Amino acid sequence: MAFLLGVTGSIASGKSVLCRHLLNFHGARHIDADRHVHTMYEPGKPAFDRIVARFGEQVVGADGYIDRKALGDIVFGQPDLLADLRSAIGDIEGEFMRVLRELKDDPAPIAVFEAVRLFEGPYMEICDAGWLVAAEDERAIDRLMARNSLTREEAEQRMASATPWTERAPMADLVLHNNGSVAEFQASIDVAVANALNRQS
């Protein structure tokens, strides 16, 4: 049975770096909630038809799949439209709870569930621990600009639309700060993993 770890974090904080390190150096199994949701509205699934009915044929790409960028451009910063999208996709929470129960039984030493809304759903009922990755705003803005080829204004808009990590810190079992080098961050991950598995055993 795996140690089931929920991972979340503020935008451009280093969630992916954390998850890759757990995967490559700690033998973890990894599920990215965002990517898993995409499988729920592939062509031929009911959610695909519901999304097209709500948002129009403009969200279907040349490959026949939902164009996530086109869809994102429509719903970004629009809470009502985002709620419509979640409704069209279907029972996201129920699907994730099913995935978490499967992960719990995985033979890997660690199973990682990476989710933006980790603490907003019922997922911590199953997860053994929830880690929050945090970074100072300036560090995150620099990373966003470099990673996504954004202007400073665009990066600041993305930051402004995200929930500050300080609001979610009280819900986390551990806050991992990522304001230095990748090597420093990875070293802190190794310490956190050792502590978590020692408590579990």
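Okay, let's start with a question: in the largest nonpolar core, which residues touch the most other members? This is a predicted model, by the way, so keep that in mind.

The answer is I51, I66, I89, L100, L103 and F113, out of a core of 36 residues. Who supplies it? Helix 2, helix 3, helix 4, helix 5, helix 6 and strand 3 each put in at least two residues, and helix 6 gives the largest share, with six.

Take F113 from that list. Its contacts, leaving out residues up to four places away in sequence, are L5, G6, V7, I31, A33, F96, L100, L103, L118 and Y123. There's also a second, separate core, this one of 18 residues, and among its members are F3, V7, V112 and W131.

Helix 6 covers residues 92–104, so look at the last one, K104. Buried or exposed, would you say? K104 counts as buried, because its relative accessibility is 18% and the cut-off for buried is under 20%. Setting aside residues up to four places away in sequence, K104 touches M1, A2, L4, I126 and D128.

Last stop, helix 5, residues 79–89. L85, A88 and I89 are buried there. They're on the same side of helix 5, because they span an arc of only 100 degrees around the axis. As a reminder, an α-helix has 3.6 residues a turn, so residues three or four places apart point the same way. And what covers those buried residues? Helix 2, helix 3, helix 4 and helix 6 are among the elements that do. On the face turned away from the buried side you'll find the exposed residues P79, D80 and S87. Then, just after helix 5, G90 takes a positive phi of about 120 degrees.

That's my tour, thanks.

Notes:
Residues numbered from 1 in each chain as written. Predicted model: local features only at pLDDT ≥ 70, side-chain atom pairs only at ≥ 80, totals over all residues. Heavy atoms only, no water. Helix = DSSP H or I, 4+ residues; strand = E, 2+ residues; numbered from the N terminus. Buried < 20%, exposed > 50% of the residue type's maximum accessible area, 1.4 Å probe, protein only. Contact = heavy atoms within 4.5 Å. Arc of directions from axis to C-beta. Core = buried A, V, L, I, M, F, W, Y, C linked by side-chain atoms within 4.5 Å.
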